[in-house]
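Here's a quick tour for anyone meeting this structure for the first time. Take a look at the fold below, then read on.

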Amino acid sequence: MKDLLRLLRLLGPYRGWMALGTLLALITLIANVTLMATSGWFIAAMAVAGTSGASMNYFTPAALIRTAAILRTVGRYLERLVTHEATLRQLAGLRVWFYAHLEPLAPARLQQLHSGDLLSRIRADIDALDNLYLRTLVPVAVAAAGLALSFAFLAVFDLGIALFALAMLLTAGVLVPLWARMRGAGPGRRMVQTQAELRSVAIDGIQGLPELLVYGAAAAQAQRLHALSLALTADQDRMSAYAGISQGAVTLAANLALWGVLWLAVPLVGPTGSGAPIAPPSLALLALFTLAAYEAVAPLPLALQHLGGTLAAARRLFEIVDAEPAVIEPRGTSPRPRCFDLEVRGVCFAYPGSARPALAGIDLSVPEGGRVAVVGSTGSGKSTLLNLLLRFWAPDQGSIRVGGHDLASFHGEDLRRHIAVVSQHTHLFAATIRENLLLANPDASQAALEQACEAAQIHGFIAGLPDGYDTWLGETGVRLSGGQARRIAIARALLKDAPILLLDEPTEGLDGPTERSVMAAIDDLMRGRTVLLISHRTAGLEAMGKIVVLDSGRIRERGTHQQLLAAEHYPRLLGLR
C-alpha cells in the first residue's frame, strides 16, 4: 500500500488528464449501457404496442438511442486519446524523475549495478507503470461509479432486484479480482525479476561473446538464457490461466445475474396501467441493463492480477531512488575560485564494505599551472584519488581544496565545470563526431571544432571522412581506433577549456607511434593548465614538475623524474630496473 500511495503522489501533476480520461471512460460506459437497455426496451415496447394497437411516442427513445450510440463511439475515441496521452505524459515525467535521482548516484553507487539491470529499470520497469493508471486506476474508478449508478437505477424498479444485481456485480468486481490479485501477485513479481535477469544475461552474452567462444562457455550461457526463458514462460502461462479463469468467472456471474434478475422480475410484471411494479417492456430493459453493466467490472480481475508486477517494478525503481548518494551536495551556492591550485591534505578513504583503505594519509599539492604525476601499480589508489578530485566520492578523513576552497563546498556540477578529463576509457556516444565534441561546449562554432581537432591532431582524419564532422561513430565509437578515440577526447577537453586537467592513463593500450602522437597533442592541451597525470607508463613523465609514487594507498616516494630514477619503487614500477 505504501508503494501504491507513493506512486499516486508521483502521478499528481497529471491528475487533470487522469480525471478527464476517467470521466470520458465513465461517459462511454453509461452510453453503452443506455444504448443496450434502451434498445431492448424500445423493441419490446414496439412489439407490445403493435399487438395491443396502442399508440406510442417512438421519437424520444429513438433519439436517445442515436445519442447514446454517438456518445459511445465518440466517447471511446476521446477516452483512448486522453488516457493514452495521460499515460505517455506520466511515463515521460517518470523517466525524468528517475534520471534526476539517478544522476547524483553516478558513478559511485551505480558501479554496484549491472548495466543490463539498470537498463531494465530505466526502460522496462518504468514502462510497466503504465498499467497503474490505464489498466488499474481507470477501471477501478469507473467500476465504483458504475456500481453505484447501477444500484440506483435498478432500485427505482425494485430494491430486491437492485440488491441481488449489486451482490453479483460485487462478486464479479471484488471477489474475483481479489482472487486474481492473490494468485497473480507471486508470478507478477517473479516476471519482473526474471525479465531483468534475462536482459542482464543477454547483454552479458552479447558483449562477452568473443570470450565465451574462446573459452567454450557459449553453450553454458545459452542454457542459462534458456532456463530464464522457461521460467518466464511458466509464469506467463500461469498469468494467462488466471486471466482465463477470472474472465470466465465474470461471464458466469453476468449470466447468473441475468437469470436471477429475470427470476425476481417476472412475478412483478403486469400490463401497463395495471399498477404492477414492472411493465412488460421494462423486463427487456432490466435484462439487457444487467448484462451491459458487467462492462464496468470486466477489466478488474486483469487489472488487479497485474498490480503485483506493477508494484514490483515500482519497488525496483524506489530501490535506486532511495539509495544514499556517495556525496552530499551543499545547500549554499558554490564558491568561485580565483585561482586553480589543488591541495590534498591527510586524505583517507575506504570503499564501502572494504576492510582495507584505498588511500591513507595522502598529502599532495599542485600549484596553479603546475604539472604533477601520480604513478603506481594497479590497485595502488590512483583512480580512487581521481574519483575524489572529481567529487564522485568524498574522503573519509582529510580535505581536498581547489583555489583555497574545500571540495565539500562545491556542487558537483559546478566543480566539474572547472575540470577537463582525458582518460584511457574514452566514452564516445552513438552519435556523430560533431555531437560528441559539442558535449564539451554546445555553443562551439565549426571553426572552434576544427581548431580543437587540429590541436589534437585529428582534424585531417575527420576531414577525410565522407561525412566529415557529421560521421556517425556508432556505439562507444566502434568506428574509431583507440588512438583516434583518445584524440577526440583531447579535442573535447580543449573545447571545454577548463583550468584544471586530469589525465587518467591517457596512452594506455596504444602502440609506440600512436602514444607519441597522442602525447604531443596532450602537451598542447596541458599548457597554462593545472595538470594532474595518473599513469604507470614513462610517456610524459619527463615533463612533469613533480612525480608522486603511490603504493597500497600510501605515498612512498616524491621527486622529479631524474631524482626518482635513483629511488627504490619508481624504476621498478616503470620497468627501468
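Two strands pair if DSSP finds at least two bridges between them. Helices (H or I, at least four residues) and strands (E, at least two) are DSSP runs, numbered from the N terminus. This is a predicted model, where local features need pLDDT of at least 70, side-chain atom pairs count only at pLDDT 80 or more, and totals for chains, interfaces and linings use all residues. Residues are numbered from 1 along each chain as its sequence is written, and side-chain values use heavy atoms, with hydrogens and water left out.

**Strands and sheets**

- Strands of a sheet pair through backbone hydrogen bonds, either parallel or antiparallel.
- Strand β4 (residues 397–402) pairs with β5 in the antiparallel sense, over two bridges, and R401 sits opposite D406 of β5.
- An open sheet of four strands runs in the order β2-β1-β4-β5, with antiparallel pairing. Its edge strands, β2 (359–366) and β5 (405–406), each pair on one side only.
- Over in strand β6 (residues 419–423), four of the five residues are buried (buried means under 20% relative accessible area, exposed over 50%, partly exposed in between, with a 1.4 Å probe and protein chains only).
- β6 teams up with strand β7 (residues 500–504) in the parallel sense over five bridges, with V422 opposite L503 in β7.
- Strand β3 (residues 371–375) and strand β9 (residues 546–551) are a parallel pair with four bridges, and A373 has I547 in β9 as its bridge partner.
- β9 also joins strand β10 (residues 554–559), this time antiparallel and through five bridges; D551 is partnered by R554 in β10.
- β9 and β10 make a hairpin with two residues between them, and S552 in the turn has a positive phi of about 55°.

**Helix packing**

- Two packed helices are described by the angle between their axes and the distance between the axes.
- Helix α6 (residues 159–207) and α11 have axes that come within 6 Å and cross at roughly 40° (axes are lines fitted to C-alpha atoms, for helices over the stretch in contact, and angles run from 0 to 180 degrees between N-to-C directions).
- α6 and α11 are therefore oblique to each other: angles under 35 degrees count as roughly parallel, over 145 as roughly antiparallel, 65 to 115 as roughly perpendicular and the rest as oblique.
- Residues making that contact include R181, A185 and G188 of α6 and L307, G308 and G309 of α11 (contact means heavy atoms within 4.5 Å).
- Helix α1 (residues 2–10) packs on α11 at an angle of about 75°, with the axes 10 Å apart, which makes α1 roughly perpendicular to α11.
- Among the residues in contact there are L4 and L7 of α1, along with A314 and F318 of α11.

**Cores and a buried threonine**

- The largest nonpolar core has 49 residues, of which L7, F98, L129 and L286 touch the most other members (a nonpolar core is a set of buried Ala, Val, Leu, Ile, Met, Phe, Trp, Tyr and Cys residues joined through side-chain atoms within 4.5 Å).
- Helix α11 (residues 307–321) gives this core its largest share, nine residues.
- Another core, of 45 residues, lies apart from it, with A373, I433, A521 and I547 among its members.
- T384, in helix α12 (residues 382–389), is buried, with a relative accessible area of 7%.
- Leaving aside neighbours within four places in sequence, T384 is in contact with F349, Y351, A358 and L359.
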